[in-house]
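Thank you all for coming; I would like to walk you through one model this morning, going from the overall contacts to the sheet and then to the core. Please have a look at it first.

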Amino acid sequence: MTTPREAVAAVVDPEIRVVTIDELGILRAVDEDPASGRVVVTITPTYTGCPAMDVIRADIRRALAAAGHPDAEIRTVYRPAWSTDWISDTGRAKLAAAGIAPPAPVRPGNAVPLTLSVRCPRCGSPETEQVSRFGSTACKALWRCRSCSEPFDHLKAL
Ligand SMILES: [Zn+2]
């Protein structure tokens with residue numbers, strides 16, 4: 001039997017379909033109200049300007065209904081704000097495999113511009129440059145590799 005947590009964790013991000021909302025860190029918690037038996041899902045939106053959250057909510061409802069929980073409650077929590085640090089190692093590996101350069105972890109006090117460490121997801125070369133602030137979606141920037149001249153999407157670090 002699929003648990004509510006498993007059902008929700010398998011929902012893929014509507015914009016970056018190779019990763020789940022769990023791997024992206026959007027999914028904060030899946031609880032079951034002991035009194036009513038209602039499933040309560042807590043999510044934190046990623047980038048403002050990404051119109052994906054309505055789709056994600058609908059997909060969560062659909063997944064839970066299929067797992068036998070049609071009356072789930074979805075709570076949206078904005079604090080603490082989502083950060084690219086919440087992307088799991090599995091999520092980062094899947095993004096890289098899909099040609100999307102995962103953002104480097106944002107460490108407080110680290111003043112070195114992290115954009116310098118954007119590596120080409122295809123050949124691994126650090127010789128890359130930003131072509132456009134906006135890639136295929138508002139959440140991604142378009143980059144190009146100077147070594148293999150392939151363009152790639154880079155998830156903006158937050
Ligand atoms: Zn390259």
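This is a predicted model: local features need pLDDT of at least 70, side-chain atom pairs count only at pLDDT 80 or more; totals for chains, interfaces and linings use all residues.

Let me begin with the contacts: among those in the protein between residues at least 6 apart in sequence, 52% join residues at least 24 apart, where two residues are in contact if their C-beta atoms, placed from the backbone, lie within 7 Å. Residues are numbered from 1 along each chain as its sequence is written.

The secondary structure comes to four helices and seven strands, taken as DSSP runs (H or I of at least four residues for helices, E of at least two for strands) and numbered from the N terminus. In that direction the elements run α-α-β-β-α-β-α-β-β-β-β.

Now to the sheet, where strands count as paired if DSSP finds at least two bridges between them. Four strands form an open sheet in the order β4-β7-β6-β5, with mixed pairing. Because β4 and β5 (128–132) each have a single partner strand, they stand at the edges, and one side of each is left without a neighbour in the sheet. Between β4 and β7 the pairing is parallel, over two bridges, and Ile 100 stands opposite Asp 153 in β7. On the other pairing, β6 and β7 run antiparallel and are joined by five bridges, with Asp 153 in β7 as the bridge partner of Leu 142. These two strands, β6 and β7, form a hairpin with five residues between them, and Ser 149 in the turn has a positive phi of about 50°.

How much of β7 is buried? Four of its five residues are, so β7 is largely enclosed by the rest of the structure; buried here means that 20 or more other C-beta atoms lie within 10 Å of a residue's own, against 12 or fewer for exposed and partly exposed in between, with C-beta atoms placed from the backbone.

Finally, the largest nonpolar core has 32 residues, and those with the most contacts inside it include Val 8, Val 41 and Ile 60; such a core is a set of buried Ala, Val, Leu, Ile, Met, Phe, Trp, Tyr and Cys residues joined through C-beta atoms within 7 Å. Its largest share, four residues, comes from α3. Leaving aside neighbours within four places in sequence, Val 41 is in contact with Val 8, Val 30, Ile 60, Ala 72, Ile 74 and Arg 75.
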